[in-house]
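Colleague: I would like a close look at the aromatic side chains and the packing around them. Please take me through that part in one go.

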Amino acid sequence: MQAIPFEAFGTVPTEPDIFNHCQRFAGFPVEDYDPTRSGVVFRFSSEYDEDHLVPDLEAFMQSPAAATAPAVVIGCWQPDDSSEPPDKVIAALTAGRSHLPALTAIYLGDVVREECEMSWINQSDVSPLLEAFPQLQYLRTRGGEGLALGSPRHQTLRALACEAGGLDASFIRSLAISDFPNLEYLELWLGTDDYGGTATVADLQPLLSGKLFPRLRYLGLRNAQIADEVAAAVVDCPLLQRLEILDLSLGVLTNTGAEALLKLQSPSLKRLDLHYNYISQDLIGRLEALPLNVDASRPVTMDLSEEYRFVAVGE
């Protein structure tokens with residue numbers, strides 16, 4: 001089995017292809033399958049009014065390809081009804097767990113805007129996937145409505161990423177009681193209260209305390225309406241002393257947050273990602289003078305009042 005590169009999981013997820021090799025499963029003839037093509041990732045999606053995702057997924061799990069598949073990408077599961085959560089998909093994956101012995105990565109929600117706005121995507125409790133696949137290393141989801149971790153524990157999970165126009169505080173609080181001893185990469189799109197983002201800096205404190213996730217080296221608190229408050233809290237947090245990458249991109253980060261970040265002091269921090277921001281050019285220059293790699297690109301240069309500052313992805 002060819003493992004999915006860890007770096008591939010951490011690419012900017014504004015594009016759907018987070019895995020290197022992805023092709024749609026369309027019931028190919030068994031004789032056409034080349035088992036030497038290790039590392040191929042299969043993507044499953046319903047199209048328009050054709051609800052064939054689960055049948056395709058079930059057929060795939062009965063094929064020779066399933067035995068060596070390192071990852072699956074789940075696209076739009078119900079294009080004509082965005083209110084339906086992916087419970088049937090999760091049930092199909094968990095029922096077919098024995099046919100996926102090499103599975104190490106799942107992307108649940110590779111849904112693009114033309115199919116469904118991010119804030120319209122209804123998610124579910126993804127704990128059954130963690131329980132069904134003890135060898136899982138990477139889990140990415142898109143959509144915040146209904147997203148939950150009822151049983152937040154897994155011994156081998158290395159990366160967890162949750163993209164949303166808004167994450168409910170209950171999801172953030174579930175991380176405070178989680179057991180992910182090997183987690184290295186945590187990416188949370190906090191979003192805006194207009195689309196369900198209810199988390200506060202207080203909800204983030206257990207994470208920032210450094211008592212969780214002893215192997216964490218990347219922390220992304222992205223797409224956040226409260227980016228300035230997050231920046232002020234992160235600067236003095238114990239976790240910062242062992243992070244390698246801090247990602248506060250895609251949110252409403254202004255000069256207030258930038259001033260706080262100028263005080264960053266961490267022996268381990270190598271990269272600060274602030275791309276898409278509301279920071280003035282003079283402060284961007286001062287940030288780029290910090291002794292680490294700083295990405296403060298894509299500043300919003302229009303003179304916008306606070307009322308018209310938006311996260312990169314809301315609806």
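Modeller: Phe42, Phe44 and Phe60 form one aromatic cluster. Keep in mind that this is a predicted model. Phe60 also has a place in the largest nonpolar core, which has 88 residues. Phe60 is among the residues with the most contacts inside that core, along with Leu186, Leu188, Leu219 and Leu221. Helix α7, residues 227-235, gives the most to this core: six residues. There is a second, separate core of 10 residues. Its members include Ala105, Tyr107, Ala161 and Tyr218.

Back to the rings. How many aromatic pairs does a search of the whole structure find? It finds five.

Take Phe180 and Phe213. Their rings are stacked, at 6.2 Å centre to centre with 20 degrees between the planes. Where do they sit in the chain? Phe180 lies in the loop between α5 (169-176) and β7 (185-191). Phe213 lies in the loop between α6 (201-208) and β8 (218-224). The pair therefore ties together parts that are 33 residues apart in sequence. Both Phe180 and Phe213 are buried.

Now Tyr276 and Tyr278. Their ring centres are 6.0 Å apart and their planes stand at 90 degrees, so this pair is edge-to-face. The cut-off for that label is an angle over 60 degrees. Are these two tyrosines buried or exposed? Tyr276 has a relative accessible area of 13%, and Tyr278 has 12%. Buried means under 20%, so both qualify.

Next, the helix that carries residues 53-61, α2. Its partner is α3, residues 87-95. The two axes come within 10 Å and cross at roughly 10 degrees. That makes α2 roughly parallel to α3, because angles under 35 degrees count as such. Which residues make the contact? From α2 come Leu53, Val54, Leu57, Glu58 and Met61. From α3 come Lys88, Val89, Ala92 and Leu93.

Last, the cysteines. Cys162 has 1% relative accessibility and counts as buried. Cys237, at 5%, counts as buried too. How many disulfides are there? The count is zero, with sulfur atoms required to lie within 2.5 Å of each other.

Terms used. Residues are numbered from 1 along each chain as its sequence is written. This is a predicted model: local features need pLDDT of at least 70, side-chain atom pairs count only at pLDDT 80 or more; totals for chains, interfaces and linings use all residues. Side-chain values use heavy atoms; hydrogens and water are left out. Buried means under 20% relative accessible area, exposed over 50%, partly exposed in between (1.4 Å probe, protein chains only). A nonpolar core is a set of buried Ala, Val, Leu, Ile, Met, Phe, Trp, Tyr and Cys residues joined through side-chain atoms within 4.5 Å. Helices (H or I, at least four residues) and strands (E, at least two) are DSSP runs, numbered from the N terminus. Rings of Phe, Tyr and Trp (its six-membered ring) pair if their centres lie within 6.5 Å; planes under 30 degrees apart count as stacked, over 60 as edge-to-face and the rest as tilted. Axes are lines fitted to C-alpha atoms, for helices over the stretch in contact, and angles run from 0 to 180 degrees between N-to-C directions. Angles under 35 degrees count as roughly parallel, over 145 as roughly antiparallel, 65 to 115 as roughly perpendicular and the rest as oblique. Contact means heavy atoms within 4.5 Å.
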